[in-house]
Amino acid sequence: MIKLNINDKDYEVDESQGVPLLWAIREQCKLTGTKFGCGISQCGACTIHVDGKPTRSCITPASTAEGKKIRTIEGIQPDENTLHEVQKAWIEMQTPQCGYCQSGQIMSAVALLEANPSPSDEEIDAAMSGNICRCGMYGRIKEAIKRASVKIQKTSTL
Amino acid sequence: MKKWTRRAFIGAGVLAGGTLVLGIAIRPGNRSSKVADVIAKDGESVLNIWLKIAKDNTVTAIIPHSEMGQGVHTALAMMLAEELDADWSQIRFEEAPAIKEYANHAVAKGFLGGGPDVPKFLNETIDGVFLTAVKSLNLQITGGSASVRFTGQYGMRVAGAAARAMLVQAAAKKWGVADEEITVEKGLISHASSGQSASFGEMAPEAAKIKKPSDPILKTEKDFSIIGTSQPRFDIPEKVNGKAKFGIDVDVPNMKYATVAASPVFGGKLKSIDTSIEGKNGVIKVINLGNAAAVIADGYWQAKMAMASMNLDFDSGENAQINQEEIIDRYRREMDEVLANDELEIHHESGDVNAEFDQAATIVEGEYRVPFLAHATMEPLNCTVWVKGEEAEVWCGSQNPLGVAGAVAEELDIKQENVQVHNQLLGGGFGRRSETDIIIQATKIAKEVNYPVKLIWSREEDMQHDVYRELGISRMKAALDESGNPLAYQSQFIFRHHPTEAADIPYDVPNQQIRFSTPSSHVPWGNWRSVDHSTHGFYSESFVDEMAHGAKEDPLMFRKRLTKTEPRFQAVLDLVKEKSNWGSELPQNWGRGVAVHKSFGTYVAEVAEVEVDNSGKVKVHRVVCAADPGFAIHPDSFKAQMESGIIYGLAATMTGEITIKDGAVAQSNFHDYPVTRMMDSPKIETYIINSGNDPGGAGEPSTPIIAPAVTNAIFAATGVRIRELPIKNNSLGREGGLG
């Protein structure tokens, strides 16, 4: 057993057989917002942050994350009653359709904006093209990122 | 079968606590179900229950369709709220339980009957044969772009209007005034001259005592205040915080996990299975399912690792000899043979095409081909089943929850009412989640144990054991006179599923011959977004483009000229022409292509702007979409569906291809079945025409024509006509490019 720190909370996890973070988080920690899509780092549905870096949890062994700070979709709100600017923009644009890929999309977008608060179109494409959306909501995702970017910059200059 | 001659009517009743329930009841019938106890009297049975009005003034719409992101729960609740004159903030929804009373009568009637007038449907006698057919077919299906078209129009709106009429009559009676003097606005029932008013909740118990109207009057478009607006969707908040529950997220106490590996070759059998790994590394049980191996373990990963460690020996049978090239050759050879032997089935025939071919000034000919396609929904298939003796519970995201109940009951040989289906959100459907193959497989596994089992397919299993859009071929030929007028149109295609009108063309061509045949195939077929429209959209809209070029006419104006008697085609073509700046100059190596098609009651025209660089790389920059769905109930969701259908179709256009190698699917995951990503996505603009016709579908109609819009644009840019999809298999390089 190892200890994982997820969204500032400690969880005991059985890391045997090289279980990837994805399955430890979903089945052992019961945080099901992080999704299984492909299992080979092709679709981005399982994206989480490990020490702030966007990480594909489906190919990352849980054992490698011991002692690191893991953040999932359940942990991005500043507090229980306040949405992250990215979530607000997502709702404003009515972005999700089926919604299955959206945790991963949002985690990639949050990581992008934390590293680069005012990304260009090309930078958004580069950061987001690892996340597949079969409902094809790329136009809305892109627009939502731009809206969130404006809000985040405003907040940071206050 | 006995003919049903009694009337369908609106049934109502009161639940404990004073909640008014309203539904559609029918007599005679058996009073059997839970809802019937509430709203039907002796000798009546309930067809559908549509709404509840509680004392706390909330109105709950009960919706017999699955949410897969198309916003159906919101749109249908809006239709009900509109007729009720409810305040939108008091509206809630519940997804209907998967019991037979929710067999989607309105959907079936819409499909089988071709769309009756709204109130008339309730007035008319219900044909018992038809009703029995609906129930036995287990129709509670979300598909065919049908939810708004049928359930919304014939169910939700009628229920809302009926409830409103009952509330008004109850108020009039209580206040001793005339019905006509009562107004209802935003959930408040008022009588102006006496100054009296009441909320829905206050009046609901009284309203339940009112005789139910059988033909409530529906609003006309000019009175709409909720329909036609874009209310925020109910399902979105939980889709941005990780709380939305999909089938794969279900957590049942004491649940274990399973995965499977089916014979890679369709039709193959598992020879034997080694159970020696049971009890080790979290593995609980290994099962031979006949055509697949299953492993039950403490977690998905343990099941997957165990599966990978086993040497599975399949008897692949004769299908293992089948390869992609052989399939194409055989289909083509069979097309030659049925033509030579005069064994083609006729889809449509008018006039005499051969006479025109003999004397035409210009003949245009081409053979088109499209590949097998997988659905590749984001959420891999999964299903959780708990078998408890003569009862079972099922958790899944299905487009057809009643079908799920039926399939589980049949597999376990138990009564269908003993199967409880908990339908979850669907992580993409596109037709795939209308099937019950994984449901049956999960049931076979779960019946071996006495605890709940969640079966999850790997992406590889999902890709290689899909039900596929067929590999299709169409041979097209047209005759034009000296002025470029088409005299004859002929197509010979393979496989006709549905909707059958997909093979029709809207163009005014006096002589037409559209015929088909059905070669044998070992690859399982399934509904793929827009179904037969996905193939015929490409065939006919590419070929009409060839005809336009044969006539030396602008492709958009050619289409307009040949649809003069079709005002809705004219309108979408005019709008897409204007919004795309059709005819204006484009950069070098760019081209514009147009396509237009009607499917699921919605008319769509698309113009694609495409760049083909010297190496042959294709980039779709912009897509302009003009659509006439009759009336868009929720314009933003409608636009989202057009965008979605275009991107889904674009993946199939550019790279989508399943091929068969040694009888099995050669692709396995997104690396070899690439789909559209953000960097490949065009800017999409959608413009809606509310023509005042019956609402058409939204989920599918933009998909069929993105392929021809793009390939027609490639022709405009390069002069190369693409007749085989996907585009990646074609050489477009020039000037020493790689191509």
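Modeller: Happy to! Let's begin with one pair of residues: A:Lys30 and B:Asp251 form a salt bridge, with their closest N and O atoms 3.2 Å apart. Please keep in mind that this is a predicted model. Between chain A and chain B the count is five salt bridges, and 29 residue pairs are in polar contact across the interface, both residues of a pair being at pLDDT 80 or more.

Now for the helices on the chain A side. Helix 1 (21-28), helix 2 (85-92), helix 3 (102-115), helix 4 (121-128) and helix 5 (138-157) of chain A each supply at least two residues of the side that touches chain B. Helix 5 of chain A gives the most to that side, with four residues. By residue type, the side of chain A that touches chain B divides into 23 nonpolar, 18 polar and nine charged residues.

Stepping back to the whole contact, chain A brings 50 residues to it and chain B brings 58 residues. How much area is buried between chain A and chain B? The figure is about 4,400 Å², and carbon and sulfur atoms give 57% of it. On the chain A side, the residues that lose the most area to chain B are A:Gln17, A:Gln97 and A:Arg134, which together make up 19% of what that side buries. As background, the accessible area lost when the parts come together is often used to give the size of an interface.

Methods: Residues are numbered from 1 along each chain as its sequence is written. Chains are lettered from A and ligands numbered from 1 in the order in which they are written. This is a predicted model: local features need pLDDT of at least 70, side-chain atom pairs count only at pLDDT 80 or more; totals for chains, interfaces and linings use all residues. Side-chain values use heavy atoms; hydrogens and water are left out. Contact means heavy atoms within 4.5 Å. Buried area is the accessible area (1.4 Å probe) that two parts lose on being put together, summed over both. A salt bridge is a side-chain nitrogen of Lys or Arg within 4 Å of a carboxyl oxygen of Asp or Glu. A polar contact is a pair of N or O atoms within 3.5 Å; within protein, one must be able to donate a hydrogen and the other to accept it, and residues adjacent in sequence count only if both atoms are side-chain atoms. Ala, Val, Leu, Ile, Met, Phe, Trp, Tyr, Cys and Pro count as nonpolar, Asp, Glu, Lys and Arg as charged, and the others, Gly among them, as polar.
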